[in-house]
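Below are some notes for a colleague who is opening this structure for the first time.

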Amino acid sequence: MARGTGKVAKSDIVTFNKKKFRFSDWFAEKVIKSVAFLSIAIVILIFVFVFREAFPIFRMDKKVAASSELMVQESYGGSDSGSTEKVADNQVGNSNKTQTPGDSPSSTLLSKTWMPVSDNPRYGMLPLFLGTLKVTLIALLFAAPLSILAAIYTSMFAKPRIREVIKPVIELLAGFPSVVIGFFALMVLASVFQNIFGYASRLNSFVGGIAMGLAAIPIIYTLTEDALTAVPKTFTEASLGLGASRRQTAFYVVLPAAVPGIFAAVVLGLGRIFGETMIALMATGNAAMISMNPFDSVRTLSATIGAEMAEVVFGDTHYNVLFLIGSLLFIFTFALNALAEFYFKNMVIRKYQSKK
Amino acid sequence: MNEIKVKVKDLSLWYGTNHALKSISMDIPEKMVTAFIGPSGCGKSTFLRTLNRMNDLIDNVTIDGEVCIDNINIYDKDIDVVNLRKKVGMIFQKSNPFAKSVYDNIAFGPRINGISQKSILDEIVERSLKQAAIWDEVKDRLFNSALSLSGGQQQRICIARSLAVNPEIILMDEPASALDPISTAKIEELIHELKKEYTIIIVTHNMQQAARTSDLTALFYMGDLIEMNRTEVIFSNPAKKQTEDYISGRFG
Amino acid sequence: MNRNLKDTIVEGITGVSVLLIIFIIVSILAITIVGGWPKLNWTFLSEFPKDGMTKGGIFPAIIGTAVMTIIMAVAAVPFGVITAVYLAEYASEKSVVAKTIRFAVKTLAVVPSIIFGLFGLGFFIGFIGKNMDGLLNGGVLKWGQPNILWASFTMALLTLPVVIVSVEEAIRTIPREMREASLALGATKWQTIKSVVLPGSISGILTGTILAVSRGAGEVAPILFTGAAYFLSTLPHSLNDQFMSLGYHIYIMSTQSSDVDATLPIQFATTLVLLLLTFSLNAVAVVLRYRIRKRAK
């Protein structure tokens with residue numbers, strides 16, 4: 001209140017013909033609006049700072065460009081020609097700078113070897129990429145069908161009272177810290193699976209994948225259940241009214257209507273698996289090798305950051321490369337989130353509108 | 001007839017593209033009860049809410065025209081809506097006491113106006129509750145939750161709460177529609193008392209209530225003001241066929 | 001195939017999926033309890049680790065986790081509540097600003113936790129901390145290294161969306177009539193928020209705080225290189241000390257301990273403590289949230 005702190009006697013007539021400036025309101029609004037921007041600022045800062053620490057890798061590249069001429073050919077699958085040209089452009093200006101012996105770090109980025117700690121460090125991210133892909137695929141193949149089927153049961157078949165129990169119990173899984181799931185995978189799952197499948201390395205992409213799938217189950221389950229419940233009741237009632245069974249209604253009416261929502265659920269689950277660090281660290285074996293065998297060890301992108309960041313020298317090439325991996329992870333999950341948010345949501349909206 | 005308190009000129013209101021009020025003009029006299037009647041969806045509540053700019057809270061509303069209170073157009077750019085609402089109180093259809101004690105409910109208005117002295121607050125609370133004819137019923141449980149009272153009592157608490165900020169006009173949006181006949185009678189009695197000091201505008205779809213409580217009655221239909229006149233004229237000798245049809249129950 | 005048979009099979013398969021998930025949840029719980037219960041006693045909770053962490057308790061890890069989550073909550077809750085108030089009370093649904101903020105909040109909710117760790121390292125330690133040292137300590141390393149403050153702040157960013165979502169949900173259950181009642185009495189918007197909206201959202205704020213604490217207590221990736229320590233012989237006594245945490249303790253004990261098998265009971269018991277902690281916090285939050293949702297109906 002600007003001046004309203006006095007007594008309001010009956011004679012003190014309140015006038016409204018002029019806008020009053022109320023400091024506390026003005027101030028509160030300014031504070032609230034600025035703080036709300038903080039979320040945007042944090043996202044931008046994450047972008048900036050994670051990239052900033054990754055960036056020197058490309059600068060270093062220029063420094064050693066001269067010495068890396070030969071090595072470029074060695075890089076795997078041809079690093080994109082644009083950057084190679086840039087390197088060439090900068091050679092003249094930079095050729096007199098200090099030259100580091102060995103390969104230029106960026107030229108090894110796409111190679112098949114991840115050997116950051118050696119005399120001739122190699123930062124080939126390919127095995128990490130493929131490893132992440134393999135684990136993610138296993139996790140998704142395990143978690144997505146299981147969660148979607150469970151969600152279908154919960155929303156279509158379960159009696160209301162049973163649903164009231166199932167939902168919170170499955171959502172409890174979301175409250176398990178990933179280090180606990182990782183520990184369970186490391187101590188229990190690994191041994192159980194080894195007994196069943198008889199593979200050699202106890203910790204491998206299969207164990208890791210299943211464990212990471214566990215972390216994704218509550219996300220996919222909850223969002224799928226939401227998507228199924230969001231299908232207008234009139235659809236279901238119309239179908240049941242025509243004499244279709246619950247199963248037929250579920251599969252021919254509700255499920256098709258909820259497809260975009262389920263996709264969004266799977267995409268967000270994928271994001272969770274992709275970025276999961278602790279479970280990967282504890283259950284995948286952490287060997288950076290390229291293999292198609294699900295029972296071989298892998299090293300995922302996020303686990304690499306988790307395992308190596310504590311040991312690197314601040315500002316070192318290895319440090320920069322780990323931040324580069326972080327940048328890639330960030331871009332990827334950001335894109336997945338944007339996809340789920342804008343693309344699938346619009347699909348849902350369009351779907352219901354066209355059926356109105 | 002008393003002096004004009006509220007003067008409405010060519011007021012139109014749109015919800016998006018829906019023309020909900022069509023060029024309404026009327027004069028509302030001071031210290032009398034004016035009732036708005038009409039079938040649901042006719043615009044009477046919407047119109048009531050334009051009188052203290054409650055519609056500002058709803059997105060997508062466009063308003064054109066003038067509402068002058070004491071000769072000041074409340075839709076002028078420079079109007080202080082907060083102070084306007086102190087002058088124009090409102091009672092809602094569903095009683096809406098805060099989840100606080102009876103005392104804190106009544107003291108809410110004075111407190112936001114910066115009154116914190118206990119003795120003054122006590123005095124305002126007692127005076128308002130007495131004015132709203134509920135003091136005797138709640139004086140022993142001022143510090144119990146207002147939500148523990150009956151519906152009729154809650155509504156009178158809301159009236160007392162609004163009186164505590166010294167309004168000049170009280171808008172009532174179907175204040176008794178959710179209440180039993182006895183509580184309704186009490187509210188109507190209260191309205192009768194309050195009009196000695198306050199200008200009261202009441203929306204109701206209960207025609208008997210309008211006939212019993214109001215001095216003037218206005219009939220709304222589909223966003224138009226059909227007819228407005230002294231209540232006894234509206235109910236005995238309306239000028240328009242539509243009014244006659246409505247009060248005799250032929251539509252709405 | 002007979003329609004009824006098909007119905008039964010489908011219902012069966014979907015039902016089995018539910019049972020399988022519940023079975024896994026129960027297994028994790030049961031195995032942790034069976035493995036950890038014998039070791040779980042007062043000595044374990046109140047002692048420091050001993051003999052190269054092969055014996056003793058987890059006292060410093062409990063305290064470290066508690067202190068870290070408290071600092072985290074102090075940092076995250078006010079910002080989360082204010083952002084929720086903005087989204088629910090000030091922003092119009094269609095405004096670009098509100099949509100952008102919402103998208104940013106969702107992004108924060110899905111960014112991998114290890115990225116927060118990287119950010120904490122790059123921003124809090126490498127940028128803020130280093131510059132603080134440069135300005136305040138003449139370049140002597142004090143803030144430019146991992147500590148409990150930076151770890152807590154990093155965790156606060158991660159849990160910010162949790163707070164925002166819970167509080168906004170609670171604010172939205174407050175009936176419009178309550179706001180209208182307040183505004184009709186001549187209260188300003190801020191007075192209405194302060195004396196009607198926020199008091200009505202207390203349980204939502206509490207839920208958000210509890211969920212954030214529960215999440216923060218369990219996360220390890222963000223603190224891997226922003227402040228968590230392998231072993232400390234003393235409790236942290238200033239904000240620039242490192243700290244031990246339950247989750248990190250589980251991780252190092254199970255992967256880097258000198259004798260993993262011998263310390264198995266310690267690992268299980270630590271896991272049980274962490275699980276009990278996050279579990280009971282979540283249970284409280286679930287009950288609170290259930291009550292809020294009931295009010296909304």
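1. A polar contact here is a pair of N or O atoms within 3.5 Å; within protein, one must be able to donate a hydrogen and the other to accept it, and residues adjacent in sequence count only if both atoms are side-chain atoms. Across the interface of chain B and chain C, four residue pairs are in polar contact, both residues being at pLDDT 80 or more. The elements giving two or more residues to the chain B side are α2 (81–87), β6 (88–91), α3 (102–112) and α6 (151–163) of chain B; helices (H or I, at least four residues) and strands (E, at least two) are DSSP runs, numbered from the N terminus.

2. This is a predicted model, in which local features need pLDDT of at least 70 and side-chain atom pairs count only at pLDDT 80 or more, while totals for chains, interfaces and linings use all residues. Residues are numbered from 1 along each chain as its sequence is written, chains are lettered from A and ligands numbered from 1 in the order in which they are written, and side-chain values use heavy atoms, with hydrogens and water left out.

3. Chain B gives 23 residues and chain C gives 16 residues to their contact (heavy atoms within 4.5 Å). About 1,600 Å² is buried between chain B and chain C, 65% of it on carbon and sulfur atoms; buried area is the accessible area (1.4 Å probe) that two parts lose on being put together, summed over both. F98(B), F108(B) and I112(B) supply 27% of what chain B buries against chain C, more than any other three residues.

4. Two salt bridges cross between chain B and chain C (a side-chain nitrogen of Lys or Arg within 4 Å of a carboxyl oxygen of Asp or Glu). R49(B) and E180(C) form a salt bridge, at 2.6 Å from N to O.

5. Between chain A and chain C, the contact takes 80 residues from chain A and 75 residues from chain C. The buried area is about 6,800 Å², and carbon and sulfur atoms give 83% of it. I32(A), F183(A) and R247(A) supply 9% of the area that chain A buries against chain C, more than any other three residues.

6. The interface of chain A and chain C has two salt bridges. In the salt bridge of R247(A) with D7(C), the closest N and O atoms are 2.5 Å apart.

7. E341(A) lies in helix α13 (residues 317–355) of chain A and K106(C) in helix α4 (residues 96–110) of chain C, so the pair joins two chains. E341(A) is buried at 15% relative accessibility, and K106(C) is partly exposed at 32% (buried is under 20% relative accessible area, exposed over 50%, partly exposed in between; 1.4 Å probe, protein chains only).

8. Which residues cover the two faces of β6(B)? V88(B) and M90(B) lie on one side and G89(B) and I91(B) on the other, all of them buried. β6(B) pairs in the parallel sense with strand β7 (residues 169–173) of chain B over four bridges, where pairing requires that DSSP finds at least two bridges between two strands. L171(B) in β7(B) is the bridge partner of M90(B).
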